[in-house]
Amino acid sequence: MSTMSQSAPRPSARDIDVLRAAVARVAASRGPVLPFGVGPVDHLLAGGGLDGAGLHEVAGASASWSDDAAATLFAAGIASRFAAAPDVSALWALTRFDLYAPGLEQAGLGPDRVLYAQGRTDKELLALCEDALRDGSLACVVAEVKAADQTATRRLQLAASEGNTPMILYRRYRRYGQCPLADPSLAMTRWRIGTLSSGRLASPGVGRGRWNVELVRQRGGPPFSLELEACDDQGRLALPAATADRAVAPGRTDTVAFGHAA
């Protein structure tokens with residue numbers, strides 16, 4: 001009995017040209033850095049924003065559900081702003097699909113801006129992310145892992161640089177009380193996010209969420225910590241409206257504020 005070939009048809013020259021144009025559009029729209037639009041954050045970040053071709057790490061301030069949700073939304077807000085240009089998407093990769101899509105959409109990462117991938121192990125997932133970064137057609141790559149050694153972060157940083165694509169590595173807790181950011185890494189920035197009480201409203205209701213956003217380490221700049229309002233539906237953070245202007249010395253982690261968000 002004869003069999004028929006099931007190979008996929010080869011892409012046409014026009015298809016390849018369209019794909020190349022899409023990749024070029026992503027690179028041009030992203031730019032070298034992504035500012036937060038919050039004066040104190042951009043002022044203290046080396047380069048004035050997040051490197052658009054680098055590895056950045058995020059972790060919750062604790063293993064609690066609330067801090068885990070805050071860290072997830074912080075990463076989603078960054079990804080949504082990298083994917084703000086038309087017809088581009090971020091990739092969110094994980095080993096356990098427990099994301100709440102409506103929550104991501106509230107941080108600006110709607111279904112039209114994100115693709116999902118699932119791996120069996122952290123090692124398999126990180127290899128998938130390397131390929132995605134080098135491809136260069138994605139606006140951003142986000143991965144959730146519990147284990148990534150220094151060699152893995154070096155490979156991710158190289159892949160992000162080669163593909164001119166930003167990588168956000170969300171480190172989940174492996175042991176209660178042990179911060180995932182204690183592991184060595186070659187990431188450009190490392191962020192720790194914790195929840196705070198929301199501000200009071202003039203009328204009954206729940207105000208916009210507040211987070212303690214701590215930059216634990218960055219290349220070429222000091223660590224710092226700020227109290228910020230959680231991401232809006234465009235992925236943007238903001239200073240609390242009632243925050244008075246304050247300053248902090250480099251190297252310390254006090255709350256700082258120099259004005260309101262742009």
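**Notes on the aromatic rings**

1. Start with R81, which lies over the face of F36, at 4.9 Å from the ring centre. A charge counts as over a ring if NZ of Lys or CZ of Arg is within 6 Å of the ring centre and within 35 degrees of the ring normal.

2. A quick word on what you're looking at: this is a predicted model, where local features need pLDDT of at least 70, side-chain atom pairs count only at pLDDT 80 or more, and totals for chains, interfaces and linings use all residues. Residues are numbered from 1 along each chain as its sequence is written, and side-chain values use heavy atoms, with hydrogens and water left out.

3. The structure holds 5 aromatic pairs. Rings of Phe, Tyr and Trp (its six-membered ring) pair if their centres lie within 6.5 Å; planes under 30 degrees apart are stacked, over 60 edge-to-face, and the rest tilted. F36 and W191 make a tilted pair, 5.5 Å centre to centre with 55 degrees between the planes. They sit 155 residues apart, F36 in the loop between β1 (33-34) and α2 (39-44) and W191 in strand β8 (residues 189-196). (Helices are DSSP runs of H or I, at least four residues, and strands runs of E, at least two, numbered from the N terminus.)

4. Are these two buried or exposed? F36 is buried at 5% relative accessible area, and W191 is buried at 1%. Buried means under 20%, exposed over 50%, partly exposed in between (1.4 Å probe, protein chains only).

5. Now look at F97 and Y116, an edge-to-face pair at 5.3 Å centre to centre and 85 degrees between the planes. F97 is partly exposed at 45%, and so is Y116 at 35%.
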